[in-house]
Amino acid sequence: MDPSDACVAAIKFKEKFVRAEAKDLEKFVRKFDPEWIFPTAPVHVAAEALKDKFRPWNEKINEILSGIPAKVVVSVGRGSIAVSYNRDEICLENCSSPETCPVTKLKRPCPMYALLRFACPEAKILISHQLSPGIGAIKGKDFASFLEEAKNAKKIVVATACSCHGVITALKS
């Protein structure tokens, strides 16, 4: 699913492609019950799925930021923090995500999703599982659970992260 008929997925998977935006993800998940969701957009897809119901909660982001080491922070703004163990370099295209980064040669102290859980224990953490080198996906049932939790929430914090990178977003109605 993508808002553009010209995206790589639309071209490669014509028969399985659905033209839609992140805000349509809730309907998509309920209708198709996908096993995996591959968030490839340059935005926090989980947060974008809720953008019609919530707005950025910047005060919470400031609180979360105090629990994240500055050396992994890539950017902060609009209710989100982007983080990476490889902030300043370009990742290998089909990286297998080894414990020691092949680009920086640094060993990560813990998976990024664990670091975000430490920084905000109440956050809903959607883990991006590495299905093959360079390909990560969130379990569809985890995303559906997040959507259900968000349905009645006034405030919610959601993170999407793999072992090396992540984004955490705080939202309020």
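How many bridges join strand 6 to strand 7, and in which sense do the two strands run? Three bridges join strand 6 (residues 129-132) to strand 7 (residues 135-139), and the two run antiparallel. Strands pair if DSSP finds at least two bridges between them. The model is predicted, and local features need pLDDT of at least 70, side-chain atom pairs count only at pLDDT 80 or more, and totals for chains, interfaces and linings use all residues. Residues are numbered from 1 along each chain as its sequence is written, and side-chain values use heavy atoms, with hydrogens and water left out.

Six helices and nine strands were assigned in the protein; helices (H or I, at least four residues) and strands (E, at least two) are DSSP runs, numbered from the N terminus. The radius of gyration is 16 Å, close to the 16 Å that the globule rule gives for 173 residues, so the protein is as compact as a globular protein of that length. This radius is taken over C-alpha atoms, and the rule is 2.2 Å times the number of residues to the power 0.38. The C-alpha trace spans about 40 × 40 × 25 Å along its principal axes. Of the 173 residues, 39% are buried, where buried means under 20% relative accessible area, exposed over 50%, and partly exposed in between (1.4 Å probe, protein chains only). Among contacts (heavy atoms within 4.5 Å) with a separation of 6 or more, 58% are between residues 24 or more positions apart. Carbon and sulfur atoms contribute 54% of an accessible surface of about 10,300 Å², computed by the Shrake-Rupley method with a 1.4 Å probe.

Strand 9 (residues 165-172) is mostly covered, with seven of its eight residues buried. Strand 8 (residues 155-161) pairs with strand 9 in the antiparallel sense over seven bridges, and the two form a hairpin with three residues between them. Strand 4 (residues 80-84) is joined to strand 9 by five bridges, again antiparallel. Gly166 of strand 9 is the bridge partner of Ala161 and also of Val83. Strand 2 (residues 55-56) likewise pairs with strand 9 in the antiparallel sense, over two bridges, and Pro56 stands opposite Leu171 of strand 9.

Arg78 has a phi of about 50° and lies in the loop between strand 3 (73-77) and strand 4. The residue is exposed, with a relative accessible area of 75%. Ser97 has a phi near 60° and lies in the loop between strand 4 and helix 5 (112-119). In contrast to Arg78, which is exposed, Ser97 is buried, with a relative accessible area of 16%.
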